[in-house]
Amino acid sequence: MRVLLSLLLVLIAGSAWAAGPLTYQLKPMQIAPDTYVFEGTREHFTRGNGGNILNPGFIVTDDGVLVIQTGPSRRFGEEMRAAIRTVTDKPIRKVFIGNLHPDYWLGNQAFADVPIAALPGTIEGIRAEGKGMTENMYRLVGDWMRGTEPVVPTEAVYGSTVVFGSHRLRLIPLEGHTAADLAIFDETTGVLFAGGVVFSDRTPTTPHADIPKWLAELDALEPLDITVLVPNHGRIRTDKAAIAQTRDWLTWLDRTLRERMEAGADVAELLDQPIPDRFGSLGVLREEYQRSVSHLWPKIEQAALPRVN
Amino acid sequence: MLRLLTAATITAALSGPALAQATDPADPLASVMWDALRPELFGKAPIVFDDRVTVTAPANAEDATAVPVLADASALGVVEEMVLISDLNPFPVILRYHPVAAKPVVGTRIRVQQATPVRVAARTPDGVWHIGGRLVDAAGGGCTAPPVTYAARDWADHVGEVQARAWPPAGDDKTARVRFRVRHPMDNGLIAGIPAYFIETLSLRDSDGAELARLDVLEPVSENPVFTLDVKPGAASRALKLVGRDTQGGEIEAAIPLPWTQGALP
């Protein structure tokens with residue numbers, strides 16, 4: 001019994017001690033003139049990755065630094081700010097937040113001294129759901145979240161073109177992945193920060209999704225003259241393949257759920273549904289698919305069951 | 001994973017030989033509640049943990065107020081009764097299912113208050129309970145989340161509304177799939193100021209009145225519950241009847257059309 005207990009203690013303590021102090025080891029990667037990204041994993045939130053599953057970025061302009069997304073925790077935001085400092089000593093001018101999902105904005109505490117901009121729908125969503133999302137992140141990634149508290153964005157932005165230094169940015173308000181998705185297209189460099197609208201070799205997430213509207217969002221981004229596409233989740237690309245991949249996945253997902261509903265399947269029978277090989281390169285495939293079934297099925301089912309009394 | 005293993009090891013080490021009934025097989029899910037639930041639910045009846053009895057559910061509950069669960073004991077042949085159990089819920093028993101003229105298969109959605117084993121026990125005519133199940137991880141809180149129903153001012157006008165559909169048999173066993181959804185808040189009594197108020201029985205009958213399947217529903221079943229059953233209608237049947245009652249005496253009644261004639265099937 002004693003041997004067993006000591007073995008357990010070693011097992012429990014070992015992983016924590018071996019890791020040392022938690023750090024995201026953020027390294028800015030230049031993807032275009034003045035433009036940098038911190039590339040995250042293509043995983044789900046885990047205690048191993050601390051929630052680093054996103055590609056936040058920054059643009060260094062003569063008017064100061066523009067930050068796009070602040071990451072999943074206070075620690076992430078602080079490390080991000082320190083890493084930006086290694087590239088430039090220009091002040092942070094403004095932060096843009098792409099949507100209400102927690103990994104986009106929970107680093108806001110580190111940028112509380114500058115304007116934090118988001119679409120009105122995103123601000124509303126964070127006000128309503130931010131606290132619950134923050135609590136859930138503590139549950140999912142644990143100690144990485146220490147000291148993190150929700151900070152609601154401070155400035156509402158709308159569809160517009162804004163100029164900072166030599167960079168002309170098109171702020172594109174969209175709706176579908178969530179009720180308010182902000183894509184940012186830098187007309188000067190051709191870099192598109194697509195936020196949650198485009199996923200790249202990472203399975204799209206759907207907790208706030210409306211699939212037909214999301215497909216329309218992809219149509220809206222497709223014609224842009226993109227040199228580098230930065231999805232918030234997944235591989236950064238110099239072509240538009242990720243737009244096609246996201247469209248392919250959403251179309252397959254929606255059609256499969258509807259077809260199985262028409263055939264009489266129970267929602268639980270959808271969980272182990274075979275997924276075509278062409279989606280094999282998508283990160284967190286089965287888990288994210290199962291989450292999507294849970295998000296999308298109830299609406300499809302309600303529409304397919306006629307009233308009988 | 002490490003945590004699960006650790007919990008399992010500790011549970012096994014502490015409760016293993018001392019507490020379990022001498023003749024009982026060890027609980028493969030190593031649940032801390034099992035030793036209490038076993039006598040409460042099954043008395044002295046024999047139990048076996050049987051891989052032929054399955055629960056299909058997600059490993060992680062995305063929505064703790066509506067976790068899909070499909071229990072299937074059809075590999076056992078004739079089953080007289082099925083009990084769905086969520087060990088660590090405040091009310092562990094989800095429902096009892098009597099597949100009178102139906103396959104021993106039942107699907108629904110449940111609330112979970114925390115990560116829990118979800119099991120089904122199926123009683124065969126020899127009186128043995130065959131038990132299978134799986135662990136469902138969850139953020140929890142599903143049993144104490146306020147019902148969405150009351151957000152609509154006219155909710156009371158819609159209680160008891162039924163949406164349903166039947167699908168013709170596809171397999172050799174000639175069972176027809178039936179899915180129905182009943183509008184009901186399904187209050188479990190765990191939310192301050194809202195007394196228990198939920199559907200307690202649902203009976204699916206053939207057009208001649210013969211009972212095909214009966215559900216005794218309990219607290220963990222989700223708001224606006226949805227059920228999937230596989231029943232065997234009579235040869236001339238053109239519609240099934242759903243009859244039910246909630247804990248305040250509210251009646252549920254609906255006719256579910258069969259868009260085929262059972263007797264005309266090949």
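Author: Two strands count as paired if DSSP finds at least two bridges between them. The model discussed here is predicted.

Reader: What makes β10 and β11 of chain A paired strands?

Author: Strand β10 (residues 181–186) of chain A is joined to strand β11 (residues 191–200) of chain A by 3 bridges. The definition asks for at least two, so β10(A) and β11(A) pair. They run antiparallel, and Phe185(A) stands opposite Leu192(A) in β11(A).

Reader: Which strands form the open sheet, and in what order?

Author: The order of the 5 strands in chain A is β8-β9-β10-β11-β12, and the pairing is mixed. β8 (160–164) and β12 (228–234) of chain A each have a single partner strand, so both are edge strands with one side left without a neighbour in the sheet. From one strand to the next, the twist averages 30 degrees.

Reader: Which strands does helix α5 of chain A lie across?

Author: Helix α5 (residues 211–221) of chain A lies across β9 (167–174), β10 and β11 of chain A, at about 155 degrees to β11(A). Helix α6 (residues 241–262) of chain A also packs on the sheet, touching β11 and β12 of chain A. The direction of α6(A) makes about 25 degrees with that of β11(A).

Reader: What makes residues of chain A and chain B count as in contact?

Author: Their C-beta atoms, placed from the backbone, must lie within 7 Å. By that cut-off, 23 residues of chain A are in contact with 29 residues of chain B. On the side of chain A that touches chain B, α1 (2–19), α4 (120–141), α7 (267–270) and α8 (285–304) each supply at least two residues. The largest share, 5 residues, comes from α8(A). That side of chain A divides into 11 nonpolar, 6 polar and 6 charged residues.

Note on methods: Residues are numbered from 1 along each chain as its sequence is written. Chains are lettered from A and ligands numbered from 1 in the order in which they are written. This is a predicted model: local features need pLDDT of at least 70, side-chain atom pairs count only at pLDDT 80 or more; totals for chains, interfaces and linings use all residues. Helices (H or I, at least four residues) and strands (E, at least two) are DSSP runs, numbered from the N terminus. Axes are lines fitted to C-alpha atoms, for helices over the stretch in contact, and angles run from 0 to 180 degrees between N-to-C directions. Two residues are in contact if their C-beta atoms, placed from the backbone, lie within 7 Å. Ala, Val, Leu, Ile, Met, Phe, Trp, Tyr, Cys and Pro count as nonpolar, Asp, Glu, Lys and Arg as charged, and the others, Gly among them, as polar.
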